[in-house]
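The sequence and the structure are shown first, and the description follows.

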Amino acid sequence: MAALILFLLIVAACLSAPLYARWAGVDPFTSTLDAVIQIDGQDVPVMEQSTEGLGLGYTPLGPTWRLGNYFLGADNQGRDVMARLLYGGLNSLLISAAATVLTLILGTSAGLVAGYFGGVTDTVLSRFLDILWAFPIYLLAISLSIVTIAQGISIGPITIESGSLWLPVIIIGIVYVPYVARPIRGQVLSLRNSEFVLAAINLGVPGHRILWRDILPNITTTLIVFVPLMMALNMLTESALSFLSIGVQPPDASWGTIIQDGQALLYTRPIVALAPGIAIAISVMALNVFGDGLRDALDPRSKVRLGRD
Amino acid sequence: MKKILLAAVAASVFTWAGQAPASAEYLKEHRGGTMRLLARSAAGTLDPHINYTLQYWQIFQPLYDGLVAFRKADGKDGFKIVADLAEDMPQVSDDGKTFTFKLRKDIKFANGQDVTVKDVVASFQRIFKVSGPTSGTFYSGIVGADKCLADTKSCTLEGGVTGDEAAGTVTIKITKPDAEFIDKLAMPHAVILPAGTPTEDVGSNPIPGTGAYMISAYDPNKGMTMVRNPHFKQWSEEAQPDGYPDVVQYDFGLTEEAAVTAIQKGEADWMFDQPPTDRLVELGTKYMDQVHISPLTAWWYAPLNTRLAPFDNEKARQAVAYAVDRNTLVNLFGGKVLASPVCQVLPPDFPGHVDYCPFTKNPGAKWSGTDVEKAKQLVEESGTKGQKVTVIVEDTAVSRAIGVYLQSVLTTIGYQADVKPISPNLQFTYIQNTNNKVQMSVSQWYQDYPAASNFLNILFGCDSFREGSDASVNISGFCDKDIDAKMKQAMDLGVTDQEAANKLWAEVDKEVTDKAGAVALFTPKHVDFVSKRLGNFKFNAQFYWIVTQAWVQ
């Protein structure tokens, strides 16, 4: 429960991002290199040019620890890191949640169909999932991102612009389909031979109706347990892709892109990279603990396994 | 040439450890020791006829020689071309199309073979046989080059490069006078190699050269070891001076952060890559006597695609030029010590450069600030307001920061802009190919040799534009027939009157700038961070730091 509350607090904080930015009077997406702020009545430049020695380099403002006034300091574009952290969290949460929904829909559909109909259908679907699973997840996600990131996706009437958040959603949603489909298929195979299903078949109930009315309700607990665990996994993947510049595109923020921005400031302003890193760690931990708790609560005997054997 | 490729520089601003030029006395005192160099990675093939990177062109300097060479001297003196394997500068015929070189005697390759006329002729043929990257540009004017380009394997350059063994002379004929031909002969792609060198890319196998050093070991995943060439006897201090260290050990694989730390600890003497921006303040204060900053004749710019909306409209292009704050970009690059704002194509102190800045608050000679209102007005007038613009940048900290800044500028003046960082390995070819429909990008250009044409003609000449090609270096797709004719006129004029040609280039520079095919951003400076023990640092205008002219003991 504590993990859920912690996660909900993070969600609430991230949802407040536009309010925070408006209250602080900052635009987290626009370069403000010449900005000057007031601290204790004194004008302080957001980017400070070195004046000592050879006068090399600029240093962004460090944390002021004052909410609404560059609480976590500035990044290398002079933008408020706190405001970007909240907006970034919003994007990271949105992408991981949407990707989780997509994974569950695709994975569940594939698992249900393969497990229930068996035969050629099962063989084809299972081999397809094997192929997908054969690729290292990050390699597959990076490959798909690189292919789509510059031009977007255009299939028939469906067009997704290259900068759209839907791109990482789709990519992450697809690469984890086998992780859901495999265990679901296993469960359906077992349910397929249970008495109530055999009875329904013998009574002439159509397959789709059996799947929808008899089998799906029996795998719901598994799906519910999957939600927080997949979300945690997707959040990590999204951050990794964005860190590599192939997820969320600038000037939009995600926790991954902020870590990437902070990479160039590790020596002088480590907080820029540390803050989103800590946010990811806490969110993922909260989701995992919540997921484990949920699994124990819903089905203590369940052996849901994420990842490969 | 592109960023990582060869660049040139003017004089060193700071030469803290700099002393008088190398001399016999200094050689006695400081000769010996092992110099340790670092780079994030190797730079490809060791074949000097093929490799086209600054990293290895710098290393090739003490390894190989051409008939002529850029002087191994500090600062702008490095632009001067001197005789190298040739006894003297060539005799040029009255029509400017025949160059006769007399070869020096008693020069040997690192494998002990004598350098002969046969080696020179074979080396020129080899430039084409290995399909050298500049065979179709720098050397296409040699008689017979057209046949060699069409059929590389059977290249003879018949009538183009001929040798007279008895007289020890080599004659090179070109199809039309070329004021820059001697510059081209001084490039590493025209160095002289043994006649028996394989006529294919040698990859990681070093080819014996004539320089003061030779490569004794090379593993592109680990490093390179250079030792003294046992057959080297100095024939010209200007062209190929003897070096100080006995061994140069060049290690690959450390990140820039780690390389800075290694140099601070005295574990290495120099790093090829630029120090990371977040270490600059520290280096500029605690290690200022180990930092050398040198201005470059180079150009950071934002090509605007003149064949694609919205920048097929001249007013739209000019609007961007008015709105981009060069001082902000300078700050993003590391501050005014490391870069200077520019408004035009030719870098300061370059042949043909005359200060010119039309798209600024107070148009005149120098940058005086942005005029965002004017920019907005031009966007309105162009009828392009609200259009989508994507800026393609390299996925490096500096380029990404510049891209994000440009995106906010474009948004301010009325466009729907976004920025796409893509891998530095891909970006340069990606933005050249018209199939990718790149509207705006950020790129850099560093000279091959000190000539205005190397910027203006290459980046904005009609011949440099190739539809659908990854090698269309005229990224803007700019082609103005009148300006193009003027560029050709300037190149022809350079054969007889370089001063008049430079005046014409200045006009071309203004006209190209007025058309705003690209937004000039800034001209960068180069930072070299060296160890405390490294002395006699010399920064050559053409090939950067002269590695073996520094000492480590």
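## Nonpolar cores

Setting aside residues up to four places away in sequence, B:Ile142 touches B:Phe124, B:Leu157, B:Gly160, B:Val161, B:Ile172, B:Lys173, B:Ile174 and B:Phe181. B:Ile142 belongs to the largest nonpolar core, which has 179 residues. Among the residues with the most contacts inside this core are B:Ile142 itself, B:Phe124, B:Ile172 and B:Met224, together with B:Ile402, B:Met440 and B:Leu521. Another core, of 33 residues, lies apart from it and includes A:Ile95, A:Ile172, A:Leu191 and A:Leu241. In soluble globular proteins, nonpolar side chains tend to be buried together.

## Confidence of the model

The structure is a predicted model, with an ipTM of 0.80 and a pTM of 0.83. In chain B the pLDDT averages 92, and 96% of the residues score at least 70. Residues 3–22 of chain B, by contrast, have a pLDDT below 50, although this stretch has 87 contacts in the model beyond near neighbours in sequence.

## Chain A

Chain A contains eleven helices and six strands. Along the principal axes, its C-alpha atoms fill a box of roughly 85 × 40 × 35 Å. Of the 309 residues of this chain, 51% count as buried. Among contacts in chain A with a separation of 6 or more, 69% are made by residues 24 or more positions apart.

The axes of α3(A), residues 81–117, and α9(A) come within 7 Å and cross at roughly 145°. The crossing of α3(A) past α9(A) is right-handed. By class, 19 nonpolar, seven polar and one charged residues make up the contact of α3(A) with α9(A).

A residue of a further helix, A:Leu287, lies in α11 of chain A, which spans residues 271–298. Is A:Leu287 buried or exposed? A:Leu287 counts as buried because its relative accessible area is 3%, below the 20% cut-off.

## Backbone features in loops

| Residues joined by the cis peptide bond | Omega |
|---|---|
| A:Pro250 and A:Pro251 | about 5° |
| B:Ala309 and B:Pro310 | about 0° |

A:Pro251 is located in the loop between α9 (207–243) and α10 (255–263) of chain A. B:Pro310 is located in the loop between β13 (298–303) and α8 (314–323) of chain B.

Positive phi values also occur in residues other than glycine. A:Ser245 has a positive phi of about 70° and is found in the loop between α9 and α10 of chain A. A:Ser245 counts as buried because its relative accessibility is 4%, under the limit of 20%. In chain B, phi of B:Asn536 is near 60°, likewise a positive value in a residue other than glycine. B:Asn536 sits in the loop between β19 (518–529) and β20 (539–540) of that chain. With a relative accessibility of 0%, B:Asn536 therefore counts as buried.

Terms used:
Residues are numbered from 1 along each chain as its sequence is written. Chains are lettered from A and ligands numbered from 1 in the order in which they are written. This is a predicted model: local features need pLDDT of at least 70, side-chain atom pairs count only at pLDDT 80 or more; totals for chains, interfaces and linings use all residues. Side-chain values use heavy atoms; hydrogens and water are left out. Helices (H or I, at least four residues) and strands (E, at least two) are DSSP runs, numbered from the N terminus. Buried means under 20% relative accessible area, exposed over 50%, partly exposed in between (1.4 Å probe, protein chains only). A nonpolar core is a set of buried Ala, Val, Leu, Ile, Met, Phe, Trp, Tyr and Cys residues joined through side-chain atoms within 4.5 Å. Contact means heavy atoms within 4.5 Å. pLDDT is the predictor's confidence in each residue, from 0 to 100. Axes are lines fitted to C-alpha atoms, for helices over the stretch in contact, and angles run from 0 to 180 degrees between N-to-C directions. A crossing is left-handed if the near helix is turned anticlockwise from the far one by less than a right angle, and right-handed if clockwise. Ala, Val, Leu, Ile, Met, Phe, Trp, Tyr, Cys and Pro count as nonpolar, Asp, Glu, Lys and Arg as charged, and the others, Gly among them, as polar.
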